[in-house]
Amino acid sequence: MSGSANVVAMKKVVQQLRLEAGINRVKVSQAAADLQQFCLQNAQQDPLLTGMSSSNNPFRPQKVCSFL
Amino acid sequence: MAAEKAEMDALKKECDGLRAQIEAARKAVNDGSMTAAASGVASVGRVQLKLRKTLKGHLAKIYAMHWSADSRQMVSASQDGKLLIWDCFTGNKLIRTPSGLKTPDLCLCPLPVIVSCLWDLETGKQKVIFTNHIGDCMSLALSPDMSTFISGACDSLAKLWDVREGSCKQTFSGHTSDINAISFFQSGNAIITGSDDCQCKMYDLRADQEVICYQDSSLNAGVTSLAVSSSGRLIFAGYDDFNCHIWDSLKGEKVGVLSGHDNRVSCTGVPDDGMGVCTGSWDSFLKLWN
């Protein structure tokens, strides 16, 4: 019966919401501070922030050297 | 049946109550804004990346791309029915294979390819099916520790799943249209989404809520794809306006743009070594920038 199927489906929704309601939440100020710290700590190792020399650049075609 | 209707009404009431409870719990921890917290952080300035290579070979729109763990090879999928594997250092194609998958997103990882279910590549059987979204699931990403994954769907929700249990752990709302792109922040504590509503958002998993929105009144195109630089500071978001715009993830400001495609940018990816960003487009080309 489609009626009781609706009840079953609805019970699942309730169960899922109970699960999601029950989690522990960290303060946004703490979360923001941690995200910031992660970015700043890793900034020096981020080649797209620091840039790179062409000899280190894997996508730049290597210039061909020749002996004169 | 009256009894059934009564039961449904009671259940609906319980749902509403639980939703209100969740919103209240989120508000209770919302004690500060990310942008305010980032006011003391130095600006990244204007980020200007150069086009290094254009990879030509697909015959139709490119839908998806993914970097190999070696940060050198990359696979791309196109409407031409082919998967191409590229050596991005030389620009050469390594393998060309017909794709049997009709997926808008592909994810290569030690686990089998994730579509919206977990496939065992060897047996070709579905191992776990994750059902919870109401709309089509448009985007997926695996967590850095591979214990969870996130999905974004046409119901405008993002959901966090436990890979082994197949259960949904958290649901994030806020977008007003399809979520086309989703990615983990490298620390594993936050996710970033991109949507047809022209916005990107960052949700913190531990605070269980949106912490920053990346939007600009001059940007009226939907977000199709996104990727994050290795420190997490830069977000590369591909848009329907043919560009990939670069956002400062902490300050929420636009800091650059990758222009060059002749059609919408459909996919974006940063390799594990962080040395560049790849954009793929409906113009059938892939471009490498750094």
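This is a predicted model: local features need pLDDT of at least 70, side-chain atom pairs count only at pLDDT 80 or more; totals for chains, interfaces and linings use all residues.
Chain A comprises 68 residues, of which 34% count as buried. Its secondary structure consists of three helices and zero strands, arranged along the sequence in the pattern α-α-α. The accessible surface of chain A amounts to about 4,600 Å², with 55% belonging to carbon and sulfur atoms.

Chain B, by contrast, contains two helices and 22 strands. Of its 290 residues, 53% count as buried. The accessible surface of chain B is about 12,400 Å², and carbon and sulfur atoms hold 50% of that area. Among the contacts in chain B with a separation of 6 or more, 43% are accounted for by residues 24 or more positions apart.

The interface between the chains was examined next. The size of an interface is often given as the accessible area lost when the parts come together. For chain B and chain A, the buried area is about 4,500 Å², and 69% of it comes from carbon and sulfur atoms. On the side of chain B, the residues B:R206, B:S231 and B:M275 lose the most area to chain A, together providing 14% of what that side buries. In terms of contacts, 60 residues of chain B meet 44 residues of chain A.

Polar interactions also span this interface. Between chain B and chain A, 15 residue pairs are in polar contact, counting pairs in which both residues have pLDDT 80 or more. Four salt bridges are found across the interface. A salt bridge joins A:R18 to B:E14, with the closest N and O atoms 2.4 Å apart. The elements of chain B that give two or more residues to the side touching chain A include the helices α1 (2–29) and α2 (34–37), together with strands β1 (51–55), β11 (168–172), β14 (200–204), β15 (209–214), β17 (234–239) and β22 (286–289). The greatest contribution to this side is that of α1(B), with 14 residues. By residue class, the side of chain B that touches chain A divides into 28 nonpolar, 17 polar and 15 charged residues.

Within chain B, B:W161 lies in strand β10, which covers residues 158–162. B:W161 counts as buried because its relative accessibility is 2%, below the 20% cut-off. B:W161 and B:L258 are separated by 97 residues in sequence, and their C-alpha atoms are 33 Å apart in space.

Most residues other than glycine have a negative phi. B:C198, although not a glycine, has a positive phi of about 75°. The position of B:C198 is in the loop between β13 (190–195) and β14 of chain B. With a relative accessibility of 16%, B:C198 falls under the 20% limit and therefore counts as buried. B:F242 is likewise not a glycine and has a positive phi of about 80°. This residue, B:F242, is located in the loop between β17 and β18 (244–248) of chain B. The relative accessible area of B:F242 is 35%, so B:F242 is classed as partly exposed, a category lying between the limits of 20% and 50%.

Notes
Residues are numbered from 1 along each chain as its sequence is written. Chains are lettered from A and ligands numbered from 1 in the order in which they are written. Side-chain values use heavy atoms; hydrogens and water are left out. Helices (H or I, at least four residues) and strands (E, at least two) are DSSP runs, numbered from the N terminus. Buried means under 20% relative accessible area, exposed over 50%, partly exposed in between (1.4 Å probe, protein chains only). Contact means heavy atoms within 4.5 Å. Buried area is the accessible area (1.4 Å probe) that two parts lose on being put together, summed over both. A salt bridge is a side-chain nitrogen of Lys or Arg within 4 Å of a carboxyl oxygen of Asp or Glu. A polar contact is a pair of N or O atoms within 3.5 Å; within protein, one must be able to donate a hydrogen and the other to accept it, and residues adjacent in sequence count only if both atoms are side-chain atoms. Ala, Val, Leu, Ile, Met, Phe, Trp, Tyr, Cys and Pro count as nonpolar, Asp, Glu, Lys and Arg as charged, and the others, Gly among them, as polar. Accessible areas come from the Shrake-Rupley method with a 1.4 Å probe; for residues, only the protein chains shown count as cover.
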